[in-house]
Structures are given as C-alpha cells and as structure tokens.
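Hi there,

Here is the structure I promised to pass on. Have a look at it, and then read my notes below.

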Amino acid sequence: MKTIVIKGARILGGEPADILIRDGVFAEIGQDLSGDETVDATGLIALPGLVDLHTHLREPGREDAETVESGTRAAALGGYTAVHAMANTDPVADTAGVVEQVWRLGQEAGHCDVRPVGAVTVGLDGERLAELGAMADSAARVRVFSDDGRCVSDAVLMRRALEYVKAFDGVVAQHAQEPRLTKDAQMNEGAVSGRLGLTGWPAVAEEAIIARDCLLAAHVGSRLHVCHLSTAGSVEIVRWAKSKGWDVTAEVTPHHLLLTDDLVEDSPVGSYNPIYKVNPPLRTRADVEALRAGLADGTIDCVATDHAPHPVEDKETEWAAAAMGMIGLETALSVVQEAMVETGLLDWAGVAERMSSAPARIGRVAEHGGPIEVGAPANVTLYDPAARAEVDPAGYASKSRNTPYQGRSLPGRVVATFLRGRPTVLDGKIA
Ligand SMILES: NC(=O)N[C@@H](CC(=O)O)C(=O)O
C-alpha cells in the first residue's frame, strides 16, 4: 500500500501537523513528513472518522428510498467511517440472516463500515423478543438492539431485553414514545399544534418511557441507550440517571439541535410543509437550548443523525399522510458546527468526542472513534470549517431528497474521509 501524507491538518482544531498513513494506520505525526501521495490539508481540521449510531439505510425492502450502497456513500461524504443500520427494514432485521445480509452489503459497497442494529422484538411487533443472541453471535456481531420507529412499550419485554443483552455486552437503544399518549400524533403538543389543529405529541410521552427505562436498566444492572432525545425534560431525566451512576447513554439529532416546531406553521418553504414532519417531532426553542446544554455538558453523549430517507411521493403530500423523517448524513457536521461550535458550546475536540469516540464506545465498534495517534487505525475526516454553501440536495448521494435545510446556508464542508488509510472521499467527492 502506498504511503499518504496529509499536510498541515489541525488535529482536533490544534496546531497544523503532517500525518503519515502507512498500511492503514497512522505511522507518524509531525512536521515536514513526506509520502508517496500528498493531500493538502491547509486550514482543514482533522477529526477521527465519524460514527453514526442511528442511520436508516432502508435495505432490504425500500431500495427506492435508499440502499446500503447509496446510504453509505452519503455517510462517507458526510465524514462518517462507520454507521449503525437501523432494523426497521422489510423484512425486519430480527434474525442473523438479515443482519448478515446488511453487513455484507456494507462490505461490498466499501464506503464505510456498516454495523447492523438488531430488532428487539420479532417484526418490531412489541410482543416477542427476537433472537438477540443469534444476531450477536452472527458475522455481523450485533451489539446495538432497537425497535426504532416503534417503542418497546411493554415493560416486561423491555426488562427481558435489557437482561438478555448483558450476556454479550449489548445495549438496548430505545425509541422512547408511549404509544397511547401519541396515538395519531402529528407534531409537538404545544401552542403551535393548538393553533394548527394538529394532534399533539406531548413531551411526557417521551419522558415517561425514558424515566421507566432508566429505572429498569438500573434494576437489572444493564446498559440503556436513549435514541433521539427531544425535550428539556428528557435531558433532566438522563442527567438524574447518570448522577446515580447508572449505565445510561443518550443521543440527540442535528435537527433537534437547530430546528423548532414553529417552522411547521411559518417557514421559508411554507406552512404545513411535511419536510418538517419527523419523529420525535421538532420541539420548542427552550427544548433546543436544553438539548444544546445537555450535549455540551456531556449529559447527552453523542450526536446521531437519524438519517431517515423517504421518496418524494411519501413526503410531498398533505401533512397527515406524509412519512416522518429527514435525511441527515450529508449535513450533520455542518449543523453541529452551526448549533454547537459557532455558539461557543463545543470545541472541535468536543465534536470529535460526541460524533466519533462516544458513539464508537456505545456501539462497541472496535477500531473507530479515534484517537488520531501513531499506531491507531487511520480513520480520519478532513473538514473545512471556513467553507459555506447553500444546501442543494440535488447533488446528494442519498437516493432521497427530504432535507429540511434546502436553500439554507450552512457552514463547513467535508473535504476528505479515510477508512483504514484508504480515501473514500477526496476533494468532497467519492474517491
Ligand atoms: N425518525 C423518523 O421520523 N422516522 C424513522 C423512524 C421513526 O419513526 O423514528 C424512519 O424510519 O423513517
């Protein structure tokens, strides 16, 4: 393998240095290094390759929305070197066979590592536990289990799942949504839903499940991860659980760090625009502030995209009929720069921790998450924080176009991504 030298990169935003990559690892870090090939990184920040705990790749079953190939291409362009593929596919990823299929498709595509998430219950039906052990023992080595899109609302099943995953150091990632409190819910329950006459999704429906699950995880001594926190109250509950020393982690999406529910009523792209329809829903400015503070102080461990591609016909329809979800892989780092870095809440080392190291730890993804140190696998993202561009999904790798940021100017640009020393993205394009 040829040696590559990355010239003048600011590792985690520090002073410029050269990084020599040989045989897939960081071989030397210093000044005036040379190699067979050179990548000019003047002005660029080097971050450990990003890791996403929450990506919907839609294959098998909805290849019209996304495939493992297109979704992982989008991931690499967004700076990711590993993604967790959610289980709400068709068929559902609830057997060793399906998770191995997804894992193999990821290997064949080669844009980033794919770690399949296994369903907690058969068919996501919330009634019987899936064969978690068989998925853990499969070639896909599943460690994260989730019925995401649905909540494991039965407390006994949730308890059993938490007990079961302890055997292989797994984690249950809960989509916290009390189903009876959110029947037919369309958007955040609050002033805006009241004005628009849309059925509300109350904060308590998320918070009640998180509180219950923290107590259950503590009771059985297991590991709980809470998907996409969206309310100030959820941050408080996770903070309380952590203060008890319980093994609870949490994620927040980029869109919940930036967007608010009033966009549904009054936005540049028109009111009732289902581009803003997402689960959990966009909340209020106070919730956004609490989520930012929680991510800054470490109560929320990581940022996860919840990249949820949907074809045009499922999104460009009347509000009530539209699918929930937004794409996010290709904008995540830019949104985090705007919401967290430009507000002074996080520095680049903090971004690396929350978008790479923490998700790699939670997902038990070996060889990802940094550090950028001699001897470590060369998974690295080069990012230009001074760039700025208007979002145009026409050029996106994702097969779907449902970004809420279309036409909006966002900072930053992923210039290059390296997976075990091999460039997957160079000059902002698939290498
Ligand atoms: N996040 C979303 O809005 N949608 C997700 C699943 C979900 O409902 O959580 C999807 O799979 O489309």
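How much space lies in the second largest pocket? About 520 Å³. A pocket, on a 1 Å grid over the protein atoms alone, is an open set of points where a 1.4 Å probe fits, with protein on both sides within 12 Å along at least five of seven lines; lining residues have an atom within 4 Å of a point. A volume is the space filled by probe spheres set on the points, which are joined across faces, edges and corners.

Before going on, please note that this is a predicted model, where local features need pLDDT of at least 70, side-chain atom pairs count only at pLDDT 80 or more, and totals for chains, interfaces and linings use all residues. Residues are numbered from 1 along each chain as its sequence is written, and side-chain values use heavy atoms, leaving out hydrogens and water.

Back to that second largest pocket: 22 residues line it, and E330, Y396, G412, R413 and V414 are closest to its centre. Strand β16 (380-390) gives the largest share of the lining, five residues. Strands (E, at least two residues) and helices (H or I, at least four) are DSSP runs, numbered from the N terminus.

The largest pocket has a volume of about 760 Å³. Its lining has 34 residues, with N88, D148, G149, R150 and N279 nearest the centre.

Enjoy exploring!
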